[in-house]
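Welcome! Take a moment to look over the model below, and then we will walk through its strands and helices together.

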Amino acid sequence: MDDKTYNAQKRRLRGLGKKWFKCLGLGWWKVDIEYDRDGKSFTVKEPAFGIDQFQIARVHVDWEYSQANVIWNIPAVRGRADRQLEEDFLHESAHILIREMREWANHRKAEDAVRHEERVVTALANAFRWIWLEATEVAERSRKRRRHKK
Ligand SMILES: [Zn+2]
């Protein structure tokens with residue numbers, strides 16, 4: 001991947017961070033973002049959860065310190081349309097918010113706990129997007145109303 005393409009993918013992710021981190025309450029977390037340029041660290045299967053090389057990001061959360069680390073698989077990011085990438089971004093961010101709940105899983109049931117976590121973060125990611133769309137619509141209507149009054 002050439003520098004131009006790589007930097008463009010990093011910019012897309014930074015733009016999503018600017019748009020979303022504070023809204024999601026992650027502004028006071030310490031979230032380190034890493035970019036795996038060739039996606040090589042994503043080729044190893046993660047046996048416990050059956051996650052494969054097409055995973056778009058890996059999230060490590062030290063929730064007790066409000067710290068997280070997100071590693072993005074840049075070749076996978078490149079293959080995502082903007083809207084899909086935003087959904088992925090919200091999904092991974094939601095993992096940061098609720099990861100601590102995984103601690104309650106009985107170790108034999110850890111895989112089930114992850115499946116529940118996946119469902120919850122997917123629902124949250126959708127809710128965040130819908131709220132954003134609704135808020136944008138309300139703001140637009142109010143702007144039109146004000147313009148009309150002048
Ligand atoms: Zn997930």
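Strands here are DSSP runs of E at least two residues long, numbered from the N terminus, and two of them pair if DSSP finds at least two bridges between them. Keep in mind that this is a predicted model.

Let's begin with the strands.

| β1 (residues 30-36) | parallel | seven | Ile33 |

Strand β3 itself covers residues 67-73. Between β2 and β3 the hairpin has four residues, and Ser66 takes a positive phi there, near 50 degrees.

Now for the helices. How far apart are the end C-alpha atoms of α4? They are 58 Å apart, which agrees with the 58 Å that its 40 residues (110-149) should span at 1.5 Å a residue.

Helix α4 is hardly covered, with three buried residues among its 40. Those buried residues are Val121, Ala125 and Phe128. An α-helix has 3.6 residues a turn, so residues three or four places apart point the same way.

What covers the buried residues of α4 includes α3 (82-98). The two helices, α3 and α4, pack at an angle of about 120 degrees, and their axes are 8 Å apart. That angle makes α3 oblique to α4. The crossing of α3 past α4 is right-handed. Residues making the contact include Leu90, His91 and Ala94 of α3, and on the α4 side Val121, Ala125 and Phe128 are among them.

How values were computed. Residues numbered from 1 in each chain as written. Predicted model: local features only at pLDDT ≥ 70, side-chain atom pairs only at ≥ 80, totals over all residues. Expected span 1.5 Å × (residues − 1). Buried ≥ 20, exposed ≤ 12 C-beta atoms within 10 Å, placed from the backbone. Contact = placed C-beta atoms within 7 Å. Axes fitted to C-alpha atoms, helices over the stretch in contact; angles between N-to-C directions. Parallel < 35°, antiparallel > 145°, perpendicular 65-115°, else oblique. Left-handed = near helix turned anticlockwise from the far one by under 90°.
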